[in-house]
Amino acid sequence: MKLEHGTPMDIEGESMRIIREELSAMGVTLPPDRAAVVLRAIHTTADFDYAQNLWFTPGAVEAGVAALKAGTPIVTDTNMARSGVNRGACEALGVERLCYMADPEVARQSKEQGTTRAAAAVDRWAAEHPGAVCAVGNAPTALLRMAELMEAGALRPALVIGVPVGFVNVVESKERIWEVCRRMGVPAIAAMGRKGGSTVAAAVCNALLYQAAGMRK
């Protein structure tokens, strides 16, 4: 069997061509400002539902790109998502990749407060990086805590990426953060419904980073 498109760049380019071709066959036309994010999510998951279930507040992509160009840090709810965010693009832009889930102080606060580590980590975000790009791919409780802190005036992210996956409180947490972001004018990208995950959170971050860094991806 002869393999074609053998280099990583060739393989990715051919993958994106196939995705665009299949979207076209479905009659799906992606808005130009959102196309790179949607394509990256589909490329990561092989799931074309992201052409419909990724929702964007007006100007969300532009706001995210501008924030990253300015060196705004990215905070994530899992180390898996953090690891998936492209290090080279972050270094080119001076963007820190942060996750506090393994931090002993977060673990202590979580135990004392009787809450999840993800919710306790959001308190840390609010204290140290209230204007960060906040990417949530796993924990609905992180989105719910973010909504509370945003309404209290303690957190105003440059961009909310809300794409947790699962069955318990997942749909509700996305609807809640979406409503709060829309009401408060905070840019947001959310995968509505049950689908998502840390890989999707990283994919959305990477699509924005590549645009901000002017990287061909």
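Buried residues (under 20% relative accessible area, 1.4 Å probe, protein chains only) make up 49% of the 217 residues in the protein chain. This is a predicted model: local features need pLDDT of at least 70, side-chain atom pairs count only at pLDDT 80 or more, and totals for chains, interfaces and linings use all residues. Residues are numbered from 1 along each chain as its sequence is written, and side-chain values use heavy atoms, with hydrogens and water left out.

**View A. The whole protein chain.** Its secondary structure comes to 11 helices and 6 strands. Helices (H or I, at least four residues) and strands (E, at least two) are DSSP runs, numbered from the N terminus. The C-alpha trace spans about 60 × 35 × 35 Å along its principal axes. The radius of gyration, taken over C-alpha atoms, is 17 Å, which agrees with the value near 17 Å for a compact globule of 217 residues. The globule rule is 2.2 Å times the number of residues to the power 0.38. Among contacts (heavy atoms within 4.5 Å) with a separation of 6 or more, 68% join residues 24 or more positions apart. The accessible surface (Shrake-Rupley method, 1.4 Å probe) comes to about 10,200 Å². Carbon and sulfur atoms hold 53% of that surface.

View B. Six strands take the order 1-6-5-4-2-3, with mixed pairing. Two strands pair if DSSP finds at least two bridges between them. Strand 1 (54-56) and strand 3 (97-99) stand at the edges; each has a single partner strand, so one side of each is left without a neighbour in the sheet. The twist averages 15° from one strand to the next. Axes here are lines fitted to C-alpha atoms, for helices over the stretch in contact, and angles run from 0 to 180 degrees between N-to-C directions.

**View C. Strands 2 and 4, with helix 11.** Strand 2 (residues 74-76) pairs with strand 4 (residues 133-136) in the parallel sense, over 3 bridges. Thr76 stands opposite Ala135 in strand 4. Helix 11 (residues 198-213) lies across strand 2, strand 4, strand 5 and strand 6 (188-191). Helix 11 runs at about 145° to strand 5.

**View D. Ala46 in its loop.** Ala46 lies between helix 2 (35-45) and helix 3 (50-53). Its phi is near 60°, a positive value in a residue other than glycine. At 64% relative accessibility, Ala46 counts as exposed, the cut-off being over 50%.

**View E. Asn169 in its loop.** Asn169 lies between strand 5 (159-162) and helix 10 (170-184). Phi of Asn169 is near 65°, again positive in a residue other than glycine. Asn169 is partly exposed at 41% relative accessible area, between the 20% and 50% cut-offs.
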